[in-house]
Amino acid sequence: MLKQANVPVESVIDLTTIPEQLTNTNHSFTHDIAIVGLGYVGLPTALAFVHAGRSVIGVDVSQARLGAIRADHVDLVSRDHERLATAMADGSLELSDDSDAIASAETVIVCVPTPVDHHLVPDLQLLAAACEAVVQRAVAGQVIVLTSTTYVGTTRDLLVRPLEARGFRMGQDICVAFSPERIDPGNTDVPQEDVARVVGGITPVCSGRAAQVISAYARRIHVVSSPEVAELTKLFENSFRAVNIALVNELADISRELQVEVMEVIEAAKTKPYGFMAFLPGPGVGGHCIPCDPHYLLWQLKATRRSAPLLEQAMASIASRPRQVIDRVQQLLAEGGRPLRGAAIVVVGVAYKPGVADCRESPALEIIDRLAVAGAAVSYVDALVPTINLADGTVLTATEAPPTESVDLVILNTVHPGVDHAWVTEHALILDATYRFDAAPHRATL
């Protein structure tokens, strides 16, 4: 079966005896794939399947999101904008807000967000609702794949047990698997097709079916023994990043104390061909992964009265980073005899990473909020983000590059590629929270 996909498949289980068909597959499907949730993961995934020649229906409860997709007002890499235009023109991607469309597809892939709330507790409302919709409309012969990052055991809790309660037999009537998403928004260097996909099914048949589906576009598949292994794999990946980001931020603080250039240290360490992976310091961490995913693991461990002190400290360190930016701003202004209250401060870039318009969990939002509460006059410049919402409900609109005489300090938070930031160098007081704006040698760092 998987040999037909012509991709490398690594597996810890035997996939050679997967039957050609499941039992009770009398249902007639009109789509190959249904993608439930068309956000930053679901939409690129849908476009990858369309490009691979599959008929796809995207299901999203948000009419606003569907409208934005139809109008191509969505944050995608240029290649996916081209794919979207083609798919909309030829009808190869169908869009719907009707959950009944789930029953029309042979494979259902769940790609909804899994955020945390203000108390860093997992918010499972969207995921639970999506899985319930899938379970209610499931038909024999389907392959159901959960990709949303979540706690270990979610696939069984929200899909397998409810489906079994409906009378479905895993690997016989229906297949269920977990395959964590591995999309890096804005990354044009590594297409999602080149990133190996981990697949963990409830049974070997489930694993084989899910791997076959995903291999339509992914060029490498790694099959593990269970959904739980795949679920923990995703949490480990982003916890690994969180710990190393916390470490490199600490290194940056140490380097400033010792009057050593941290980026030079990192570049030197990168020359070692083994045992080292470069991470870069910054003003904090944003996006849908690192600020959220490790908390799913920490939350689950609390129920077993177990702790993960290294990860807990790393997440606490990451969370405190924007406050360090404020402290550094106050210090730099004080050195020039200027109080923070009343100071005119411009934040450059509010997206959570370069090249995207996504502000979810962006440290810039907390930085701006804290500066405003402290009495500073804050504005921001970002070519990709026209407006942001502050914690008090204020809507802040992006400005053009301000004149030098009207600004006391510039904070470099996110530097988008292809955007002219030469104006920043004209300002006397610059806090480079990216550590990489070499165009202004007189800048200060965190």
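**Notebook: pockets, salt bridges and backbone angles**

I began with Ser215, which sits in the loop between helix 6 (204–214) and strand 9 (221–224); helices (H or I, at least four residues) and strands (E, at least two) are DSSP runs, numbered from the N terminus. The model is a predicted one, in which local features need pLDDT of at least 70, side-chain atom pairs count only at pLDDT 80 or more, and totals for chains, interfaces and linings use all residues. Residues are numbered from 1 along each chain as its sequence is written, and side-chain values use heavy atoms, with hydrogens and water left out.

**Entry 1: Ser215**

I looked up the cover of Ser215 and found a relative accessible area of 4%, so Ser215 is buried. For this term I used under 20% relative accessible area as buried, over 50% as exposed, and partly exposed in between (1.4 Å probe, protein chains only). I then took the distance to Leu93: the two C-alpha atoms are separated by 19 Å, and the residues are 122 apart along the chain.

**Entry 2: Cavity**

On a 1 Å grid over the protein atoms alone, a cavity is a set of points where a 1.4 Å probe fits but cannot get out, while a pocket is an open set with protein on both sides within 12 Å along at least five of seven lines; lining residues have an atom within 4 Å of a point. Points are joined across faces, edges and corners, and the volume is the space filled by probe spheres set on the points. The largest cavity holds about 60 Å³. I noted Val41, Thr45, Cys111, Glu181, Arg197 and Tyr217 among the residues of its lining. This lining divides into five nonpolar, three polar and three charged residues; I counted Ala, Val, Leu, Ile, Met, Phe, Trp, Tyr, Cys and Pro as nonpolar, Asp, Glu, Lys and Arg as charged, and the others, Gly among them, as polar.

**Entry 3: Second largest pocket**

I recorded about 770 Å³ of space in the second largest pocket. Its lining has 33 residues, of which Gly37, Cys111, Val112, Pro113 and Leu126 are the closest to the centre. Helix 4 (residues 125–137) gives the most to this lining, with four residues. By class, the lining of the second largest pocket has 17 nonpolar, ten polar and six charged residues.

**Entry 4: Salt bridges**

A search of the whole structure gave me 20 salt bridges, each a side-chain nitrogen of Lys or Arg within 4 Å of a carboxyl oxygen of Asp or Glu.

I looked at Glu181 again, as a residue of the cavity lining. Glu181 pairs with Lys234, with 3.6 Å between the closest N and O atoms. This pair links distant parts of the chain, 53 residues apart: Glu181 is in the loop between strand 7 (175–178) and strand 8 (197–201), and Lys234 is in helix 7 (residues 227–257). Glu181 counts as buried because its relative accessibility is 6%, and Lys234 counts as buried at 4%.

Asp80 and Arg83 form another bridge, with the closest N and O atoms 3.9 Å apart. The two residues are three apart in helix 3 (residues 78–90), so about one helical turn separates them. Both Asp80 and Arg83 are buried. I also noted a salt-bridge network that links Arg79, Asp80, Arg83 and Glu193.

For Glu267 and Lys270 I found a bridge with 3.3 Å between the closest N and O atoms. Glu267 is partly exposed at 41% relative accessible area, and Lys270 is partly exposed at 43%.

**Entry 5: Helix 1**

I checked the cover of helix 1 (residues 42–51) and found nine of its ten residues buried. Just after helix 1, Gly53 takes a positive phi of about 95 degrees.

Most residues other than glycine have a negative phi. I therefore listed Gln259, a non-glycine residue with a positive phi of about 60 degrees, as one to look up because its relative accessible area of 76% makes Gln259 exposed. Gln259 lies in the loop between helix 7 and helix 8. Arg305, also not a glycine, has a positive phi near 60 degrees. Arg305 is in the loop between helix 9 (293–302) and helix 10 (309–335), and is exposed at 80% relative accessible area.
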